[in-house]
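Visitor: I have a model open and would like to go through it with you. Can we start with what you mean by a charge over a ring?

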Amino acid sequence: MTGIPRSLRPSGSGTRVRRTVLGALAGVAALLATGVTATPASAAPDPGAVAPSARERALAFWTPQRMREATPLDVLSVDRSDVRVSAPRKGKATVVAPSSPAAVPGPLAIPNGGGPWTGGGAVTKTAGRVFFTYQGRTASCSGNAVTSANKSTVITAGHCVKLEGAWHTNWVFAPGYHDGQTPYGTWTAAKTLSTPQWTASEDINYDIGAAVVAPLDGKKLTDVVGGQGLAFNTGYNKAMYAFGFPAAAPYDGEKFIYCSGTTYRDFLLSSDHGLTCDMTGGSSGGPWFTRFDEATGTGLQSSVNSFKYNFLPNAMYGPYFGADAQNLYQSAQSS
């Protein structure tokens, strides 16, 4: 996709952010506050492994107080004239089964525009908050543990691992986070990575990121919390559930929030899925599921919370999981 410099309006801290998205609708999930002018972001190489000493510092850095005070990294706000659209590469439809047993899917709460998740199940363990440092401040997103060969893979948004040409530092994942508690521990990233398109030019159509987390107390992530399944190249117009930890008003990051409904293909500027949803900054990177079963809390992750149009504040958009998303997953699980 060919990009055009434009204004992004991040919410939350009100900090002015300068960046270019050479790829589509621009980048991260900013809500609707201060306007900023984009400038070119340099491409960054794969950050590779995070040194054990850096992981130890990250674990010590993220105290409960810092987690509570972290600024939500906003869901992108995109203007109508920002970019020209291109379509993600597609491939063969592929499904990875959840690690936890699932019953026959039966949606019970469609549609929902954004409310606390009270259904329990596996998703309350696999999904969690992501914390990191960005431009000298503490920030938060959302993420989800998935079935993987290394039992250590977390899927999130691309802008939750890299933004404005720089990879985030002090990156940790807190599965099952709620009310200031981390019941399943805090897992430090041994490696963060993203799609080639996001890494090179922060193309919104490919706003997908991953982290490989180090073992904690001698155990691997999905041995502790389980892993959701994934689906790639399975089409549009699906019944989906989206989850996250929105922390910008009217939310506070302490509750697990969901939206549900039948998605549609973005008819404006991207090739993303669209869903009626009022989640705010901090929900970025939270999982979208097809074939989600409320009884067990399991499903197939098929997208992540990515961006909002500033003129459609009640609609959330998430990237299509095509060939490049699948390649990212393969790279992460083989790391």
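Guide: A charge sits over a ring if NZ of Lys or CZ of Arg is within 6 Å of the ring centre and within 35 degrees of the ring normal. Keep in mind that this is a predicted model.

Visitor: Fine. How far is R66 from the centre of the ring of F61?

Guide: The charged end of R66 lies 4.1 Å from the centre of the F61 ring and sits over that ring. R129 is placed over the face of Y177, with 5.0 Å to the ring centre.

Visitor: F61 is in helix 1. Which residues of that helix are buried?

Guide: R55, A58 and F61 are buried in helix 1. Viewed down the helix axis, the buried residues fall within an arc of 125°, so they line one face of helix 1.

Visitor: Why would that spacing put them on one side?

Guide: An α-helix has 3.6 residues a turn, so residues three or four places apart point the same way.

Visitor: And what does the face turned away from the buried side carry?

Guide: That face of helix 1 has the exposed residues E56, R57 and A60.

Visitor: Back to rings. How many aromatic pairs are there?

Guide: The count is 26 aromatic pairs. One of them is W62 with F131, a tilted pair with 5.2 Å from centre to centre and 40° between the planes. W62 is in the loop between helix 1 and helix 2, F131 is in strand 7, and the two are 69 residues apart, so the pair links distant parts of the chain.

Visitor: Are W62 and F131 buried or exposed?

Guide: Both W62 and F131 are buried.

Visitor: What about Y309 and F311, how is that pair classed?

Guide: As stacked, because the planes of Y309 and F311 are at 25°, and the cut-off for stacked is under 30 degrees. Their ring centres are 5.1 Å apart. Y309 is buried, at a relative accessible area of 0%, whereas F311 has 27% relative accessibility and counts as partly exposed.

Visitor: Which residues do ring pairs link into a cluster?

Guide: The cluster takes in F61, W62, W117, F131, Y177, Y241, F243, F245, F256, Y258, F289 and F292. F61, which has R66 over its ring, is in that cluster, and Y177, which has R129 over its face, belongs to it too.

Visitor: How many cavities of 30 Å³ or more?

Guide: There are 3 cavities of 30 Å³ or more.

Visitor: Last one: where does H159 lie?

Guide: H159 is in the loop between strand 9 and strand 10. H159 is buried, with a relative accessible area of 0%. The C-alpha atoms of H159 and D207 are separated by 6.5 Å, although the two residues are 48 residues apart along the chain.

Methods
Residues numbered from 1 in each chain as written. Predicted model: local features only at pLDDT ≥ 70, side-chain atom pairs only at ≥ 80, totals over all residues. Heavy atoms only, no water. Phe/Tyr/Trp six-rings, centres within 6.5 Å; stacked < 30°, edge-to-face > 60°. Helix = DSSP H or I, 4+ residues; strand = E, 2+ residues; numbered from the N terminus. Buried < 20%, exposed > 50% of the residue type's maximum accessible area, 1.4 Å probe, protein only. Arc of directions from axis to C-beta. 1 Å grid on protein atoms, 1.4 Å probe; cavity = no way out; pocket = protein on both sides within 12 Å on 5 of 7 lines; lining within 4 Å. Points joined across faces, edges and corners; volume = space filled by probe spheres on them.
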